[in-house]
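The following note collects points on the interface and on selected elements of the two chains. It is meant to be read beside the structure shown here.

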Amino acid sequence: MRQFRALLQRFWGLLGSRRADADFAAELESHVVLDTEAGVRNGLTPEEARRQALIRLGGAEQARQVYRERRTLPWVEDLLHDLRFGVRMMTRNAGFTWVAVLTMAVGIGATTTAFTWINGVLLKPLGGVADPSRLVTVETVTSNGEWVPNSYPDFIDFRDQLKSFDGIAVSHVTALSVGKEDHAERVWGELVSGNFFSVLGVQPEAGRLFLPAEYADAPGKFPIAVISDRYWRSHYGADPSIVGKTIRVNQHELTIVGVASPAFHGSIPVTAFDLWIPYMEQPVLNGVQEWMLRDRHDRNMLGIARVKQGVTFEQARLELKTLADRMAVANSNVSLGMSATLMPLWKSPHGPQGLLVGPLRILMGVCVLVLLIVCANVANLLLARATVREKEFSARLALGATRRRLARQVLTESLLLTGTGAALGLAVTPWMGHVLGLLMPPGPMQQLVAMDTRPDLSVLAFTAGVCVLAALAAGLVPALQVSRINISARLNAGGRSGAGSRGRNRLRAVLVAGEVALALVALVGAGLFARGFAQTMQIDPGFNPDHVLLNQFYLNTNGYSLQQRKEFCRRLEQRMLGAPGVTDVAYSDGVPLGFEPSWWEELRIDGYAPKPNENMNIFRNVVSPGYLPLMHIPMVEGRDFTDADNESQDVGAMIVNEAFVRRFSAGRNPIGTRIHGWGNWFRVVGVVKDSKYHYLGETAPPYFYVPFRQIYREDMNLAFYVRTKGEPDSVLSTLRAQVRELDPNVTVFDAAPLKEFIGASLYPQKVAASLMTVLGSIALLLAAVGLYSVMAYSVAQRTQEIGVRMALGARPGHVLGMVIRQGLTIAVAGLIAGGALAILMARAVASVSFTNSAMGSSAKLVGSGANGPVIYFAAAGFLCGIAALASYLPARRAASIEPMQALRAE
Amino acid sequence: MGDKTDVWQGTLSLMVLRTLETIGPQHGYGLARRIEQTSGDLLQLNYGTLYPALLKLEQEGYIRSSWGTSENNRKAKFYEITKAGQRRLKAAEAEWNQTTAILARFLTPAEEA
């Protein structure tokens with residue numbers, strides 16, 4: 001306790017040091033005066049008395065030193081002193097400081113941004129929930145091993161029978177229309193099971209969340225809603241009397257029972273929802289037939305469960321799998337071969353994080369690479385500074401400073417540089433958070449992406465750690481160099497410089513070679529990703545997305561019945577066909593290469609005997625008659641759908657793709673084949689060419705189309721396409737006007753060119769390629785700066801030597817060649833090391849894949865490798881060019897040295 | 001040199017506290033003289049070492065200091081023992097007595113034991 005008090009006092013002592021010094025000087029002086037007076041009283045002369053008093057005091061300076069050390073904390077004082085000195089050195093060499101701090105800011109800023117994103121996506125995917133480490137995603141697994149969402153009856157079985165979980169909840173993401181009809185607003189929300197909030201462990205900010213009574217499976221009985229804190233603040237001004245008010249959602253009044261805690265954004269990582277409504281309201285709000293809630297085919301629920309304390313992930317997974325396997329047998333008519341599994345939240349294939357995980361890992365790797373280059377660069381700068389300051393250091397050593405003290409000084413200065421850089425980098429990080437949103441594909445995902453990018457404790461700790469590591473990495477070598485200075489050699493050398501620093505030059509050359517190696521890795525990486533992206537871009541999707549405008553309607557939010565929706569489509573199609581510049585109009589349920597999952601139907605095909613356990617769930621789309629011509633998907637055989645393929649037909653029409661024919665009607669004419677699905681019979685009327693459905697790299701799966709008017713259901717989406725002669729955006733205003741004339745309550749929210757929309761499937765590759773290009777350029781720039789500074793410095797040091805050479809008859813061209821050769825030697829050494837590293841990196845990256853939300857399939861980020869060597873050699877050649885340029889400028893200066901001047905300068 | 005003893009580490013603060021308790025507020029020089037006299041001039045006190053010890057005691061809150069005037073009208077810094085210092089002194093005395101008592105048992109001739 002007393003010691004702590006003393007420690008505090010000593011910290012205080014750090015502040016008023018000058019006054020305390022004066023105080024103590026006065027005390028010592030009064031001591032001497034008193035002693036002198038005593039001596040005089042004893043008969044000594046004043047001079048002798050004072051002399052003896054000083055002797056008895058035993059050295060005022062030593063006393064003062066001991067006193068000072070006791071008064072404050074010497075190491076803190078040293079640190080403060082070093083810092084003060086460091087700041088003075090920094091401001092004196094503003095150019096050096098700017099370069100070092102800015103490079104550090106780039107390196108640390110990039111790394112921190114990457115970590116913030118990883119933190120938000122992988123480490124704490126959901127905010128505002130209790131103990132997120134025990135939350136898992138529940139996925140149904142098809143007999144092919146694909147992950148798909150769950151059906152509501154499956155959920156009830158899971159919920160009622162599983163013992164390893166504290167609870168299991170489901171949610172269904174949906175667009176909702178909030179407010180009065182004529183100025184409704186699109187809001188994204190989740191339709192959730194009643195136990196949703198209690199499973200997640202969310203706290204209300206106001207009011208209450210859903211109660212156990214609302215867990216019941218009674219459709220339409222719970223007209224209530226919970227709103228997000230964000231929505232509460234933006235739309236109700238955080239009005240505390242919100243609870244009990246009504247909110248108009250999809251033309252139905254719901255009572256707001258509470259506001260979720262500010263940190264809670266919903267059950268999908270990196271995504272923010274504003275409204276939660278019991279799933280049992282789905283029939284009322286979205287016009288979905290009640291029987292669909294009982295249909296095990298209707299798989300549209302994302303499952304999230306909380307594993308019980310003390311139960312391992314593996315035990316829970318096994319119990320779920322056992323139950324799901326039993327259910328598959330019990331409901332074999334719909335679920336044959338199906339199973340279920342658990343996975344960590346960030347692994348869920350639904351939502352943006354599936355796309356983000358792969359690129360984020362690569363991003364982190366690249367950022368570490370850039371940070372290493374930055375450290376090498378700053379180490380280089382510090383080494384150069386250390387050479388300039390060698391005299392200062394020697395003088396300090398000669399005056400009694402210890403080598404440790406000097407090394408500490410250098411490390412403190414390097415920490416000061418990295419610290420300033422880190423502060424700058426941190427300041428930029430929140431702004432970088434928005435960039436992530438810009439990188440998302442257009443459409444609903446872009447509006448939904450929300451990440452908490454305010455630096456939290458773990459981010460700050462990470463940055464501090466990186467900062468210290470970088471300071472060590474950059475400062476250690478220079479600090480060791482300083483502690484090895486040979487005083488007498490330095491002081492004796494007088495103004496002559498250059499001779500003693502050969503070892504240091506070699507060290508700097510090694511650092512620069514390292515930078516070149518890392519830059520090569522970054523460049524090769526950028527090349528590989530860009531090539532992978534280009535390769536994918538060149539794949540023919542099998543349809544033509546150019547000149548097509550796409551808009552998704554959510555007519556359910558306007559209270560439309562199924563018949564009204566079909567009627568709306570038919571009339572809008574007619575109106576748009578008459579508009580100028582429009583060539584084709586069509587509508588469908590799914591969008592090819594879109595971001596949303598594709599759906600399938602279990603088929604029975606006449607004349608085809610499925611093997612045991614064969615997956616007969618075939619992907620499909622529900623399309624209007626104009627769809628295939630609009631997409632430019634060519635018919636191979638038979639006919640397209642017509643208006644006659646409507647509800648009045650007993651037997652439906654179906655169009656299949658070539659892969660379907662290859663698999664199910666080998667050798668037979670497929671036209672006329674009878675196929676059973678949706679409890680109905682269909683007849684194949686046509687065959688179309690294969691195209692891409694889920695992602696560009698896929699090999700064509702069997703696929704079929706059915707007519708919109710025959711199969712369209714309440715729970716399906718509605719995508720409306722307009723093909724134009726000119727730019728697709730040119731008909732946007734026409735589309736808006738026509739829709740408003742049809743029904744002023746329907747709004748065109750997010751129309752986008754189809755070309756942009758399907759970019760979603762390219763997103764991970766696009767991000768990886770563009771990030772790598774940006775960071776590769778930074779790496780290149782840093783390496784060039786490093787090389788230039790070393791060459792320029794070495795030329796400056798050798799001025800005298802070069803002068804002698806020229807006086808002895810060396811030609812400028814000769815000198816030029818010599819300097820450039822030296823630079824290239826360093827670069828080539830770096831390139832050889834970098835080449836080996838790059839090959840290792842390419843192997844590691846080749847295994848990184850991303851998850852597309854379409855059926856959880858995995859796709860590779862890097863295209864497989866023909867022209868690989870070309871990329872390596874191109875990158876190496878490019879770096880050599882940069883190296884030659886970086887050494888040419890100093891070389892030219894060397895060659896223009898006037899021998900007489902160089903010698904006189906000594 | 002031989003007949004005078006250097007002050008043992010740690011005992012100086014005890015002496016300071018004791019002296020301050022006995023004679024009341026006193027300045028550094030007076031304290032130094034007084035300690036030397038009390039020891040019967042057996043202790044050789046380097047006056048310079050007294051001040052860091054005083055500072056430590058003050059930081060620990062056992063004494064406090066203030067500027068004042070000496071008996072012959074000189075400005076000097078006076079030290080004074082605090083309540084905490086008195087308690088500390090009592091505890092230290094007890095400890096010290098115990099230690100010397102124990103040591104005495106070891107050092108007295110064997111036949112008396």
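How many residues of chain A are in contact with residues of chain B? The points below begin with the answer and then turn to individual elements; the model is a predicted one.

1. Extent of the interface. In the contact between the chains, 22 residues of chain A meet 18 residues of chain B. On the side of chain A that touches chain B, the elements giving two or more residues are α1 (2-13), α2 (17-41), α3 (46-57) and α4 of chain A. The most is given by α2(A), with seven residues. By class, this side of chain A divides into seven nonpolar, six polar and nine charged residues.

2. Helix α4 (residues 60-71) of chain A packs with helix α3 (residues 47-59) of chain B at an angle of about 15°, and their axes are 8 Å apart. Angles under 35 degrees count as roughly parallel, and α4(A) and α3(B) are therefore roughly parallel to each other. The crossing in which α4(A) passes α3(B) is right-handed.

3. Residues of that helix pair. From α4(A), the residues involved are A:Q62, A:A63, A:V66, A:Y67, A:R70 and A:R71, and they meet B:G48, B:Y51, B:P52, B:L55 and B:K56 in α3(B). The contact of α4(A) with α3(B) comprises six nonpolar, two polar and three charged residues.

4. Within chain B, the axes of helix α1 (residues 11-23) and α3(B) come within 10 Å and cross at roughly 75°. That angle makes α1(B) roughly perpendicular to α3(B). On the side of α1(B) the contact is made by B:L12, B:S13 and B:V16, and on the side of α3(B) by B:A53, B:L54 and B:L57. Five of the residues in the contact of α1(B) with α3(B) are nonpolar and one is polar, with no charged residue.

5. The sheet of chain B. Three strands of chain B form an open sheet in the order β2-β5-β4, with antiparallel pairing. What is the consequence for β2 (26-27) and β4 (63-69) of chain B, which stand at the edges? Each has a single partner strand, so one side of each is left without a neighbour in the sheet. Two bridges join β2(B) to strand β5 (residues 75-81) of chain B, and B:Q26 has B:Y79 in β5(B) as its bridge partner. Helix α3(B) packs on this sheet and touches β4 and β5 of chain B, its direction making about 120° with that of β4(B).

6. Strand β20 of chain A and its pairing. In a regular strand, side chains alternate between the two faces of the sheet. Strand β20 (residues 674-677) of chain A has a covered face, with A:I675 and A:G677, and an uncovered one, with A:R674 and A:H676. Two bridges pair β20(A) with strand β16 (residues 604-605) of chain A in the antiparallel sense, and A:H676 is the bridge partner of A:R604.

7. The hairpin. Strand β20(A) also pairs with strand β21 (residues 680-688) of chain A, in the antiparallel sense and over four bridges. Here A:I675 stands opposite A:F682 in β21(A). The hairpin of β20(A) and β21(A) has two residues between the strands, and A:W678 in the turn has a positive phi of about 50°.

Definitions and conventions: Residues are numbered from 1 along each chain as its sequence is written. Chains are lettered from A and ligands numbered from 1 in the order in which they are written. This is a predicted model: local features need pLDDT of at least 70, side-chain atom pairs count only at pLDDT 80 or more; totals for chains, interfaces and linings use all residues. Axes are lines fitted to C-alpha atoms, for helices over the stretch in contact, and angles run from 0 to 180 degrees between N-to-C directions. Angles under 35 degrees count as roughly parallel, over 145 as roughly antiparallel, 65 to 115 as roughly perpendicular and the rest as oblique. A crossing is left-handed if the near helix is turned anticlockwise from the far one by less than a right angle, and right-handed if clockwise. Two residues are in contact if their C-beta atoms, placed from the backbone, lie within 7 Å. Ala, Val, Leu, Ile, Met, Phe, Trp, Tyr, Cys and Pro count as nonpolar, Asp, Glu, Lys and Arg as charged, and the others, Gly among them, as polar. Two strands pair if DSSP finds at least two bridges between them. A residue is buried if 20 or more other C-beta atoms lie within 10 Å of its own, exposed if 12 or fewer, and partly exposed in between; C-beta atoms are placed from the backbone.
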